[in-house]
2 protein chains.
Amino acid sequence: MHRDPLPIHEIIRIVGKENTLTAPEELYCYGYDASKLRSSPDVVVFPGSVNEVAELIKLANRRRFPVFPRGAGSGMVGAAVPWNGGMVMVLTRLNRILEIDSDNMLAVSEPGVITGEFQQAVLRHGLFYPPDPASLQFCTLGGNVAMCAGGPRAVKYGVTRDYVLGLEAVLPTGSVVTTGTRTMKGVVGYDLTRLLVGSEGTLGIFTKIILRLVPAPEGVRTLMAVFPNLDGAAKTVSAIIKQRLVPSTLEIMDQATIKVVENYLQIGLPTQAEAILLIEVDGRACLLDGDVKKIGEICGQCGASQVEIAHTEAERERLWQARRAVSPALGQIKPGKINEDVTVPRTEIPALIRAIQQLAEKYDLTIVCFGHAGDGNIHTNIMLDRNNEDELKRSELAVEELFRTVLDLGGTLSGEHGIGITKSPFLQWEIGAEGFDAMWRIKAALDPLNILNPGKMFVPNRAFFN
Amino acid sequence: MHRDPLPIHEIIRIVGKENTLTAPEELYCYGYDASKLRSSPDVVVFPGSVNEVAELIKLANRRRFPVFPRGAGSGMVGAAVPWNGGMVMVLTRLNRILEIDSDNMLAVSEPGVITGEFQQAVLRHGLFYPPDPASLQFCTLGGNVAMCAGGPRAVKYGVTRDYVLGLEAVLPTGSVVTTGTRTMKGVVGYDLTRLLVGSEGTLGIFTKIILRLVPAPEGVRTLMAVFPNLDGAAKTVSAIIKQRLVPSTLEIMDQATIKVVENYLQIGLPTQAEAILLIEVDGRACLLDGDVKKIGEICGQCGASQVEIAHTEAERERLWQARRAVSPALGQIKPGKINEDVTVPRTEIPALIRAIQQLAEKYDLTIVCFGHAGDGNIHTNIMLDRNNEDELKRSELAVEELFRTVLDLGGTLSGEHGIGITKSPFLQWEIGAEGFDAMWRIKAALDPLNILNPGKMFVPNRAFFN
């Protein structure tokens, strides 16, 4: 696309010199995200208002340079990584919670607010914002909305899209729209709000976000159950749901994960066990003890060899210790990993994990599975050394087979990470040529010059894949 | 658009003679919906498969005639009414529930299934499909998805969009797409599912619908409270929410409604009262009695002169009797009504109702307000005789002022009915020129020949407004 130098003076006239970075060492810092893909932009800007965002986008359309919006850069698929130069637009200066409307149970926030800080702020009003991506202590609401972030609590509470009531957004041609409502109901025109949620920065840049809130749960109870065999754990998940109990969290660790974590923590985890479930219930206080007891009984009936219920906050922390240690523990066994957040209907979890075990054997790889059993979202980590070409090749073949299996099981290639760059070669596998065509028509209609976050989602971006 | 006769022989070749209507008296029956707008099509077809739908749409693109999809025709805004001839496509032959997946708490249905029958079917699995439009005994799921139907339970459970996980749909050019997932999480590409929900038949025709289900509530409790003044009722709504109790239903009737219903039923309703609230809580059995008692106390503290709690199903029916009688009672006072489903943040309900009372006075009209106080969705009925030109004119002026007021209060022009024909002159008032432009670009990108349901939403369709 662009080859001409960017109009730096015009950019500075809009956002000010103090909000414009051009030194190579500064550009370098805004050239990557959690995918570890990397490419330096020509300029980084920090707009301070919706008007500045709109002016920058209009300038980009006039001068035809790409704009790559980003928040904290915690995304896993390269959606915030620039490509072929251009402008990175960082939204973190727009970091105010504008309003917490307790009576109407909603809040209006700017995109740069940290998700965890937002949750704390609304909690002080007895309100709860459930989406809880693992990065919540540093990721931003704008990024969460752009990627439709999920988290462990989705099994009970849904994901980001289920909480976004409306947006103020700058569209790819620089016009400013207000979408949605401040009410649960609203059916005036197309649902631009939900079209923009999860659009990965390709259809709009959010400058205000209206979020629905729910009453804060009065309490939470935590239980850990150890299963000698995987099917027992899977049966437990189904049996809990069959009892119409919906835990707020229903996490699973497979045997490979248990071994890795035990090797790291040395806390006596049962490495013979094929699975551990970590289950939480939350909600009205008077239900919690009964529900957690009933779930413990179900675990036992389904073959758990050990069930522990936390009675204190310290005990709860101890039960979470192993789950929280997964990521650092993985870092110890191999320098790299390919982390796929595939999702299948929860009844297909054992089929998925068995298929993954076979892939590990077939391709001689260490594959570690853990994640959100309640909603079928299993984080599948292929551990590797990217400098080992043979291992990398085998891993890529395993990923392709994994994706075929997931689609055969009625699942989706991404539950919460998105497409970005890393999954763009596989987009059509799931949505087909017709779905791709419809999505691309929408992109082209709203962004005729392909200004906003080009090279993502639609285009298998070979620049990043050697 | 089209002036040539429709290619009836080709149409019959696709759907069969027995599924094609061309006699004027038959066409007449498919020329209207609950808006009472009317216009006869050239042909009515009843396709029996996704392939037939796709073939018909491709034919319509080749021969350039408009297609007007519909279910039961229970919509309130004319979205299913044909215009300038063309083809009405009735989806009621696609009326099978294809799957109820109890373990994964979802169901797959064809669009022609009656909403109420679907609810009964899933209830037999202990599952619950909450959206409850007033027409649920005869409206179809396809129509509900096309219009994003709501209902009284939205205050706790949300609306149709909150339950649609995925779709099989025929797009306006005849291609068939599968959107969304069978899982709570799924972020692969743009959210075509939610773009299609509420698109009023202008962007796609649904042939399969994947619906999320929730555990059926174990019970329900019902309470009626009478308020000498409106502010007490409004304060009650806020106070209940402040206690973080979320009723499953929170209905209001204003004084005009109470008088009309009492005149109709003669059951001793307090016609001096400015408002009646009808409140239900549902959910886990052990919470219900405590919650309804607490809500009763809140009503008393906020100035209710009378609080009744139903202890039996018969008592519950009696409390609902007045609410259910509203529509037939309205039919007695005037031959016609303009029913607007405006929605405001729930804290603005008293301001809205007072403004409506002033409009009634200013324009010498009977305006009756009732509806869903919990989510701010107030059905505003201007009672009139459409043959009385002066009254009609005054009503139209009142509607315009009502809409301005609603937008000033941070509300939306339609909570659950949609735009269709009747609200199309006002679409831009809410979404602005920029929002309109974005929506129209999407429509034009997906439907370049404007085949699917033209003359709705975007175009103030003067043919119906003399």
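Predicted model: local features only at pLDDT ≥ 70, side-chain atom pairs only at ≥ 80, totals over all residues.
Entry 1: I started with chain A and followed an open sheet of seven strands, running in the order β15-β12-β14-β13-β17-β18-β16 with antiparallel pairing. At the edges I found β15 (306-309) and β16 (336-340) of chain A, each pairing on one side only. From one strand to the next, the twist averages 15°. I then looked up β12 (residues 219-227) of chain A, which pairs with β15(A) in the antiparallel sense over four bridges. A:Leu223 has A:Ile309 in β15(A) as its bridge partner.

**Entry 2: helices on the sheet.** Which helices pack on it? Helix α9 (residues 255-265) of chain A does, touching β13 (249-254), β14 (275-283) and β17 (366-372) of chain A. Helix α11 (residues 313-324) of chain A packs on the sheet too, and its direction makes about 50° with that of β12(A).

**Entry 3: aromatic rings.** I got a count of 18 aromatic pairs over all chains. A:Tyr129 and A:Tyr163 have ring centres 6.0 Å apart and planes at 80°, so I noted this pair as edge-to-face. The pair ties together parts 34 residues apart in sequence, because each tyrosine lies in its own loop of chain A. Is A:Tyr129 buried or exposed? At 1% relative accessibility, A:Tyr129 is buried, and A:Tyr163 is buried at 3%.

B:Phe118 sits in helix α4 (residues 115-123) of chain B.

**Entry 4: a cluster and a charge.** Ring pairs join A:Tyr190, B:Phe436, B:Trp440 and B:Phe458 into a cluster. Last, I found A:Arg404 over the face of A:Trp429, 3.6 Å from the ring centre.

Terms used
Residues numbered from 1 in each chain as written. Chains lettered and ligands numbered in written order. Heavy atoms only, no water. Pairing = 2+ DSSP bridges. Helix = DSSP H or I, 4+ residues; strand = E, 2+ residues; numbered from the N terminus. Axes fitted to C-alpha atoms, helices over the stretch in contact; angles between N-to-C directions. Contact = heavy atoms within 4.5 Å. Phe/Tyr/Trp six-rings, centres within 6.5 Å; stacked < 30°, edge-to-face > 60°. Buried < 20%, exposed > 50% of the residue type's maximum accessible area, 1.4 Å probe, protein only. Lys NZ or Arg CZ within 6 Å of the ring centre and 35° of its normal.
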